Amino acid sequence: MPGAGRGQELVPSSFLIPPSQYQLPARYAARMLGVENLTVRYGTHLALEDATVQFAPGTFSAVIGPNGAGKSTLLKTLVGLNAPTAGEVVFTEGGSARDDVAYVPQQQTLDWAFPVTVWDVAMMGRTGRVGWLRWPGRTDRERVADALRQTGVYKLRGRHIGALSGGQRQRVLLARMLARDARVLLLDEPLTGVDAATQEQLMALLRAQADAGRAVVMVTHDLEQARRWCDHLVLVNRRVVADGTPAEVYTPHNIEATFSSSHLGHTHAEA
Amino acid sequence: MHLLTDPLQFDFFVRALLAVVLVSVLCALVGAWVVLRGLSYIGDAMSHAVFPGIVGAFLAGGNLLVGALVAAVLTALGIGAVGQRSGLKQDSAIGIVFVGMFALGVVMLSRAPTFTTDLSNFLIGNPLGVTPGDLWSALGVTVLVGALLTAVQKELLLASFDPTEARATGLPVRGLNNLLLILIGLVVVLTVQLVGTTLSVSLLITSSAAARLLARSLKKMIGLAALLGTVGGVVGLYLSYFLNTAPGATIVLVNTAIFLLALTLRRRE
């Protein structure tokens, strides 16, 4: 069904980025991480069933679906926080790839009253690189300063994180992610609670990270933003409903199948 | 001035004073993490769970500190194991393990009828009974715990603030948690001599909670907790001397008052 439903676009075409960016550069040649036949259950609750997806370097992927569709479950399983009930997480570049995955949680899952400053949070991104029993050095401080400048919160570095707006908090979390310097970036709902202007900047920043060769994976329910900025969409509703380029995936049929009230996932479509 | 210097002519008072300062600093170091990670309940559990270790060491004629430490390690690992194997939430695991351990201590105690007077000391504590040996072990533990916590500070910080990212970074989140539980057990054992098990949690948490209300960074929070804890300990000890009240409980009351003061100060901000 590639290209289907062009006439029924939900987004004005002026929002679209150039078609060249929809191509998947070497996506299957250099697969970086993914899941194969993944099923995750929490007790009796089936969160995700028989999902197979790959995420590639140089690609900005969006995992899209309604609440309870298993989007966050997918990310957490990639990180190693959930154990697969069946199936497996695959890293093609060796088992050590796991510590090369940066994770940005949903803002509201963090405790913003925590006694740390903007600088402290960004420096947390260096924890793994600094290593055990060592203190951050000059390189680490430069990286952190650089990351804070890129996300536009360098001037706020001495502030307590509780004093920040939603957009500023997200910028700080992205700064931590940049300071981490990981090859795989996983973000859970980075656009939630963020103003429109900041959303644009965050998306451009993530796009640039993908263009620089990283695998960027964002969980979101914002179809329009995902379609504008990403070159790989995965529609999820307990199962993988569709997986491919925006042109392939963004069809009325797939969207209906993903966001219809049914959570049973019986409308499984092959992309 | 005589009011302040008078009690100092007694060796037991000087020892108590030193012990209170040491333990306050120690409690601030560990208490900061207990408060930040929402582990207050575990602190309480730990104070009960070390009981069989203390009774066992007493019956065997061994070192109480070592006995309690063994119990603390077993409890920490037990909570983790029960939580993982059963899939129950951690609060259930804590409840099961600590009540079980405490009951074990009570049963062991009932086999040793002569222990009862020492039991009251164990439950209530008495800073004025601190021996020079106790002081040295308190100093040793403070240095050890301080060094350990400083060594893993940045890892603990990330694991406390954002466990998921900590996991993604490859940190042993569960191992850090166990380390913290064991250190809590160790600190509880030391504070037992001063304020007894039932009040030891207060020493661990109250000053740190007050410091958290006022401080904006971790370093300031730990420093402030140590300062508030020391002030509370010294003031409480002098008050108990002049009012002839139970020293441990008096210290806890002063700490509680300091916490309430911090709360009103913050409200005004």
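**Note on a predicted two-chain model**

1. B:Leu59 has its place in helix H4 of chain B; helices (H or I, at least four residues) and strands (E, at least two) are DSSP runs, numbered from the N terminus. The model is predicted: local features need pLDDT of at least 70, side-chain atom pairs count only at pLDDT 80 or more, and totals for chains, interfaces and linings use all residues. Residues are numbered from 1 along each chain as its sequence is written, while chains are lettered from A and ligands numbered from 1 in the order in which they are written.

2. Why is B:Leu59 partly exposed? B:Leu59 has 14 other C-beta atoms within 10 Å and therefore counts as partly exposed; a residue is buried with 20 or more such atoms, exposed with 12 or fewer, and partly exposed in between, C-beta atoms being placed from the backbone. Apart from neighbours within four places in sequence, B:Leu59 is in contact (C-beta atoms, placed from the backbone, within 7 Å) with B:Met108 and B:Ala112. B:Val234 lies 175 residues from B:Leu59 in sequence and 34 Å away in space, C-alpha to C-alpha.

3. Helix H4 of chain B spans residues 51–60, and its buried residues are B:Phe51, B:Pro52, B:Gly53, B:Ile54, B:Val55 and B:Phe58. After this helix comes B:Gly61, with a positive phi near 75°.

4. Chain B comprises 13 helices and zero strands. Its radius of gyration is 19 Å, close to the 18 Å given by the globule rule for 269 residues, so chain B is as compact as a globular protein of that length; the radius is taken over C-alpha atoms, and the rule is 2.2 Å times the number of residues to the power 0.38. Of the 269 residues, 50% count as buried.

5. Chain A has nine helices and nine strands. Of its 271 residues, 45% count as buried.

6. The contact between the chains takes 22 residues from chain A and 20 residues from chain B. On chain A, helix H1 (71–79), strand E5 (101–104), helix H2 (118–124) and helix H3 (127–130) each supply at least two residues of the side that touches chain B.

Conventions:
Contact = placed C-beta atoms within 7 Å.
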